[in-house]
Amino acid sequence: MASNVDDLGQIERRRSWRRRWLRAAVALLVAYLLVVLAMSIFEESLIFFPSVYPEGAWQPPGLKFEDAWFEADDGTRLHGWFVPAAEDPPRAAVLFAHGNAGNLSDRADIVGTFANRFGASTLIFDYRGYGRSSGQPSEAGVVADARAARRWLAQRAGVAERDVVLVGESIGGAVMVDLAAADGARGMILENTFGSLPEVAAFHYPWLPIRLLMRSRFDSAAKIGNYHGPLLQFHGEADTIVPLESARRLFDAANEPKRLLIVPGGDHNDPRTPAYYAAVDHFLRELPGVPVPEPNKKRGD
């Protein structure tokens with residue numbers, strides 16, 4: 001009789017453990033699905049990290065710029081800084097697209113470098129929702145913003161839109177690839193840019209079905225083959241945000257002439273190196289075509 005009681009006790013304990021494991025598994029599954037749902041709902045908030053005016057350094061010492069105001073095709077009002085070239089005539093007209101955090105005021109040094117050291121008339125702009133630009137960022141929106149910025153720069157600098165040199169850092173590189181693939185460019189410089197956004201997200205969240213769920217794609221590797229022009233690409237060897245493998249995939253998909261410079265030990269947000277400045281200077285000097293002097297008269301708002 002005692003043996004039967006013991007057996008029943010063991011059976012009940014096993015059933016109790018099964019029920020506990022089942023409840024735990026269900027709880028984990030529900031939590032997992034909630035995380036997936038939340039990341040899907042708030043996707044754009046996890047991609048774009050804008051700083052809104054007056055956040056930032058809006059009066060950078062030593063930088064002479066013009067405020068540029070223009071509109072995207074959907075009417076969104078956008079803002080940028082135009083920095084005239086130190087050379088006459090300018091070596092190039094450069095459109096600079098920054099990364100997904102901060103705003104244009106955080107990039108005063110590099111914009112000044114393009115204008116003063118490299119002799120390029122340069123426009124840096126803020127995507128919708130960044131800095132003094134209105135609206136909310138999205139993949140389609142920021143690409144439309146870049147297209148409007150290029151149009152403003154081409155008119156201000158007196159060049160065709162296809163003769164603008166496109167420069168982008170991180171997600172800004174993906175934006176520039178979209179423009180170059182669709183419309184061409186005199187040249188393109190990419191810094192720490194990825195092959196596609198889902199592959200970067202999958203690198204950081206390998207336990208989520210990111211590649212299937214993400215609406216924002218920025219699939220630069222699929223687009224860059226439509227660009228036929230000079231490419232200079234930089235990437236940090238130890239980039240912890242965008243893995244080097246993603247940058248290599250983008251580079252492999254690009255047409256010649258192209259050059260990839262890997263920064264030894266470089267991480268995503270490390271300062272630019274002397275090798276960077278030397279390579280950019282050489283790249284701009286070797287670009288095909290003759291730069292056109294910018295008009296003396298400023299373009300109105």
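Guide: What follows goes through the cores, some backbone features and some salt bridges.

Visitor: What kind of model is this, and how are residues numbered?
Guide: This is a predicted model, in which local features need pLDDT of at least 70 and side-chain atom pairs count only at pLDDT 80 or more, while totals for chains, interfaces and linings use all residues. Residues are numbered from 1 along each chain as its sequence is written, and side-chain values use heavy atoms, with hydrogens and water left out.

Visitor: How many residues does the largest nonpolar core have?
Guide: The largest nonpolar core has 52 residues, and those with the most contacts inside it are Leu95, Leu166, Met176, Met188 and Phe218. Its largest share, nine residues, comes from α4. A nonpolar core is a set of buried Ala, Val, Leu, Ile, Met, Phe, Trp, Tyr and Cys residues joined through side-chain atoms within 4.5 Å. Apart from it lies another core, of 29 residues, with Val83, Ile189, Phe234 and Leu287 among them.

Visitor: Where is Phe218?
Guide: Phe218 is in the loop between α7 (210-213) and α8 (220-223). Helices (H or I, at least four residues) and strands (E, at least two) are DSSP runs, numbered from the N terminus.

Visitor: Why does Phe218 count as buried?
Guide: Because its relative accessible area is 3%. Buried means under 20% relative accessible area, exposed over 50%, and partly exposed in between (1.4 Å probe, protein chains only).

Visitor: What about its phi?
Guide: Phe218 has a positive phi of about 40 degrees, although it is not a glycine. Most residues other than glycine have a negative phi, and most peptide bonds are trans. Ser170 also has a positive phi, near 55 degrees, and sits in the loop between β7 (165-169) and α5 (171-183).

Visitor: Which peptide bonds are cis?
Guide: One joins Tyr53 and Pro54, with omega about 15 degrees. Another runs from Asp88 to Pro89, with omega near 5 degrees. Pro54 is in the loop between β1 (49-50) and β2 (66-71), and Pro89 is in the loop between β3 (77-83) and β4 (92-97).

Visitor: New topic. How many salt bridges are there?
Guide: The count comes to 18 salt bridges, a salt bridge being a side-chain nitrogen of Lys or Arg within 4 Å of a carboxyl oxygen of Asp or Glu. In one of them, Asp73 pairs with Arg151, the closest N and O atoms being 3.3 Å apart. That pair links distant parts of the chain, 78 residues apart: Asp73 is in the loop between β2 and β3, and Arg151 is in helix α4.

Visitor: Is Asp73 buried or exposed?
Guide: Asp73 counts as exposed, because its relative accessibility is 68%. Arg151 is partly exposed, at 27%.

Visitor: Where do Asp281 and Arg285 lie?
Guide: Both lie in helix α10 (residues 274-285), four residues apart, about one turn of the helix.
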